[in-house]
Amino acid sequence: MMALSDFVAELDQLAAQAQEAFDAASSQETLEAARIEFLGAKSGRLKAIQKQMGKVDKADKPAAGKRLNEVKQAIEETFTEASERLASGDTAGSSDVVFDTSLPGTSLAFGRLHPISQTIDELMDIMGRLGFSAAEGPEIEDDWHNFEALNIPREHPARDPLDNFYLSTAKQNANAPDDVLLLRSQTSTVQIRVMSKTPPPIRIISLGRVYRPDTADATHYPMFHQMEGLLIDKQVTMADLKSVLRLFATSYLGSEVHIRFRPSFFPFTEPSVEADFSWNDNWIEFGGAGMVDPNVLKAVGYDPDEVTGFAFGLGVERLCMRRHGVSDIREFYKNDVRFLQQF
Amino acid sequence: MIVSWNWLKDYVPLNMPLSEAEERLAMAGLNHEGTEKIGDDFAIDLEVTSNRPDCLGHVGVAREIAVLWDENLTVPNPTPATSATGISDVASVSIEAPELCSRYNARLIRGVKVGPSPDWLAQRLKTLGLAVISNVVDITNYVMMECGQPLHAFDFAHLKGGKIIVRGATKDEPFMAIDHRQYVLRPGMCVIADESRPVALGGVMGGADSEVSESTVDVLIEAADFTPLAIRSTARALRLHSPSSYRFERGVDPAGIDWASRRACEMILDLAGGELSDGVIDVEPDPPAAREPVVFRFSQVKRILGIELEASRVEGILSRLGMDRVKGDKQSAQFVAPTWRRDLTREIDLIEEVARIHGYDEIPEDVGVPMAPSNRRDVDRVKQIVRQVLLASGFSEAMTASVVDEKSSSAYSPWSQAEPIRSSTPMLRGADCLRRSLIPSLLESRRINESLANDTIELFETAKVYLPREGQLPEEPVMISLTSGRDFFAVKGVIEAILSALHVDGTLKTVPVNDPFLDTQQSCQLLIDDEAFGFLGVVSAASTKAASLRNPTTIAEIRMDVLQKTSRLVPQFNPLSPYPAINYDFNFIVDENVAWAEIAGTVGEAGGECLEDIHYQETYRDPERDGSGRKRLMLSVRLRSDQQTLTGEQADEIRQAIISACEKQHGAALLG
């Protein structure tokens, strides 16, 4: 048995296909071929459907027959129109209506990924190809992960309340720094978490939001994204660091890039450097880098005489601003859809 | 630190062009911020990292130049002449707070003539941007800028009892500083007092009524060392930052304290006259132990820096930096770092010194780093698929701040009723609550877009929320949140599409929520099977108004971790049935309160294993024909067997089973 709805659906589909074929015909020959396909008296597709009438429930037969006739008539009319159109020798047809190809296509509403996400994806992709796997950790951190293990002792200025978002939890008091919680000021915390759990070798990037109490202006925002790379193994040297950064920068910029180190100071690396890359004959600041400080290796239970490693970090917003020519960091967090649609 | 080009020449020959000096110093750690020509001199602004206080004076910078260009460094050796009277006869120093001040050195000069400084001295201070005051005061500043040791000159006549008492401030102790402003002190701050009152805030600023003036005749020169942490918190608390506090915060050279005092006295005698009392009062309750030698294994250079250096090259660099080689052999040597380099205590610190002086440009950038596999995390795979669906559905990605104000925080918090975690300083204006939902932030973005007359506002964000937990770090689940101008079912459809794209193993269910933030009816909690997964709803009229939104919006917030747990990232192939399908339409009349999910469940059960698909068509209400409180649910089903072509009889049997199950369980009447 065949449901009436199926029968009707087949008919409607045939009508649509016939119209498409007749409209598309650009010569009498192709039109005739299409006519035979759909309306052919012996083996036309309409004829084939007509044969299925027998399977339709007896009660539905009158309705099915009526529909069959309507569709047959419609297909024949379409054929006549197409035939006349071709006879007139003009694909525009005999009517006054002009087909305007310059009209816009049917609009497709699709969204855009935030430019920061696009930059992060690019960075993760490049670092992934260099063998670095992504790692994540909590944004709310304790004293040990954010400071102590990173070789930032109690009296270090980096712990100043004016430079960190400490959290006012019930337990917290200044005399018991072990209870201190804060919004992490760097993604290096993730490195500590990974190293504490995993024996070397380590090759990771940590990516995510970090927080520092800067007043928001064109180049500062109290929340931003950081990417940090970490490689720990036997026989890792500063030459490896420079070479990985060069591979990274060359992949990112797509041309031959050189890396320059300038001495700097970070508690968790020693030696510490600012890395620059050459681009269009200029040195562009890349970010901070260095060899993981032996105190950090010891803090996570590694032996600094067994393994060495390097770490580097960069601000995603700054890179993204340069990449897309964004002049004000605050644009990223306003979420004006006209802004988002530019990327 | 601004240095004068001409002044540096006092200590080291400058045969190189200025630009070369700037460049090479930058490459050795003194970043060049800029240079300004002042008269016939250059003021060179160098950025000094916090570990290098030795470069906060001209001698220190000159030492770096001497090392880098292999020149000799000439540092004067001040030997001021003294008179017969001893200082101890008239003055005394006691340190009552050794935790705030580890050393206090005083010299006394009597009969000075306070007046203007000579031009050469005034000019040097002006080049550095310092105010020129009087010969005695200018000399203390000059010596600080020469060697990095801050000094203070007291008018000795105003030190009652000739006494210097170094003590902690008392609670709310008033102090009038040289800037003629009144400060209120508190314990933990270091006060320099005479017999009766504070005369200086140790290491930060002198006092108004003991300052050197034109009438001053006798001056006491203070050279001291104050505890860095105490100085920093004092300067911060009082917002009183001075070149002195800047240097004490970073630490001064303990061996340079007496040198600075002698140097200043020599210059005062020379430029302001007077007589230096014999001797010095130098109080140091707990002198530091001699510095331990650092063992340097020469093989570590290659191991850390990746380049080979001759031991002689290493030793040459370290000795020019002032390191004292106490013993050693071919494999290693022991070095004692100079007093002005407190940052050098370990082998790795010396390796850094070797690297920066030898030059980082000597380290190659093209060594073969071994390959290693990297893994893509499941959470990233899930995130990518979620984003693909959302982008295709017309949603753009937003990013909003993790910390929100009280109003936003309390507007909507479906995941936790615990008080939000607060930051002790607000992140943006008034924002000190770590958010428990992304929705209020997205509605704020929506409001901004409405105010900009943007008509299509379809936004999503994936970010963490912060849910407090007793006795441990807060839970930080990642949420995927949406705000849309479309209706409830449009957004529900997007969520269903996400589940479909992730091949989520489980059934999406809705249960009512009673949250005044959302419309009473058009809102629900979402479950995957029985696991809480998210919330979906149209924002209630009152909340829309409260969020200053003009137009209605539908929101949803779902948990990434539940998605990840239930998704099948590597779907498995199901053999396709080669047999034809049979479709049936049903039009059931049911009571209003019969939910689609119930009918669908019953149809699914009754349909058995040949039921391939249930498809909802529409709901239609015709009270005139069906009576009030009734609705028509139209649906179609597709039947297909993977064993055989279903016969008409088999299919009809299933159809009848569906009809009677719906009738029996839900009182559904089949129409037509």
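Domain bounds here come from an automatic or database domain assignment. This is a predicted model, in which local features need pLDDT of at least 70 and side-chain atom pairs count only at pLDDT 80 or more, while totals for chains, interfaces and linings use all residues. Residues are numbered from 1 along each chain as its sequence is written, and chains are lettered from A and ligands numbered from 1 in the order in which they are written.

**Figure 1. Domains of chains A and B.**
Chain B is divided into domain 1 (2-69), domain 2 (82-283), domain 3 (294-361), domain 4 (378-566) and domain 5 (582-670). Between domain 2 and domain 4 of chain B, the C-alpha centres are 60 Å apart. For chain A the assignment gives domain 1 (4-87) and domain 2 (115-139 + 186-340). The C-alpha centres of these domains of chain A are 66 Å apart.

**Figure 2. The contact between chain A and chain B.**
Two residues are in contact if their C-beta atoms, placed from the backbone, lie within 7 Å. By this rule, 69 residues of chain A touch 75 residues of chain B. On the chain A side, helix α8 (residues 238-253) gives the most, with seven residues. Helices (H or I, at least four residues) and strands (E, at least two) are DSSP runs, numbered from the N terminus. The side of chain A that touches chain B has 37 nonpolar, 16 polar and 16 charged residues. In these classes, Ala, Val, Leu, Ile, Met, Phe, Trp, Tyr, Cys and Pro count as nonpolar, Asp, Glu, Lys and Arg as charged, and the others, Gly among them, as polar.

B:Glu397 belongs to strand β20 (residues 396-397) of chain B. A residue is buried if 20 or more other C-beta atoms lie within 10 Å of its own, exposed if 12 or fewer, and partly exposed in between, with C-beta atoms placed from the backbone. B:Glu397 is buried because 22 other C-beta atoms lie within 10 Å. Leaving aside neighbours within four places in sequence, B:Glu397 is in contact with A:Gly111, A:Arg112, A:Leu113, A:His114 and A:Ser117 of chain A, and with B:Phe460 and B:Glu461 of chain B. B:Glu458 is 61 residues from B:Glu397 in sequence, and their C-alpha atoms are 8.7 Å apart.

**Figure 3. Helices α18 and α20 of chain B.**
Two packed helices are described by the angle between their axes and the distance between the axes. Axes are lines fitted to C-alpha atoms, for helices over the stretch in contact, and angles run from 0 to 180 degrees between N-to-C directions. Helix α18 (residues 596-607) and helix α20 (residues 648-666) of chain B pack at about 140 degrees, with axes 9 Å apart. The pair α18(B) and α20(B) is therefore oblique; angles under 35 degrees count as roughly parallel, over 145 as roughly antiparallel, 65 to 115 as roughly perpendicular and the rest as oblique. The crossing of α18(B) and α20(B) is right-handed. A crossing is left-handed if the near helix is turned anticlockwise from the far one by less than a right angle, and right-handed if clockwise. Residues of α18(B), including B:Ile599 and B:Val603, meet residues of α20(B), including B:Ile654 and B:Ala661. The contact has eight nonpolar, four polar and two charged residues. B:Ile659 is also in helix α20 of chain B, and counts as partly exposed because it has 18 C-beta neighbours inside 10 Å.

**Figure 4. Helices α4 and α5 of chain B.**
The axes of helix α4 (residues 119-127) and helix α5 (residues 135-147) of chain B come within 10 Å and cross at roughly 55 degrees. These helices, α4(B) and α5(B), are therefore oblique to each other, and their crossing is left-handed. From α4(B), the contact is made by B:Leu121, B:Ala122, B:Arg124 and B:Leu125, and from α5(B) by B:Asp138, B:Asn141 and B:Tyr142. By class, the contact residues of α4(B) and α5(B) are four nonpolar, one polar and two charged.

**Figure 5. Backbone details.**
The peptide bond from A:Pro200 to A:Pro201 is cis, with omega near 0 degrees. A:Pro201 lies in the loop between α7 (188-197) and β5 (202-211) of chain A. B:Asp70 is not a glycine, yet has a positive phi of about 55 degrees.
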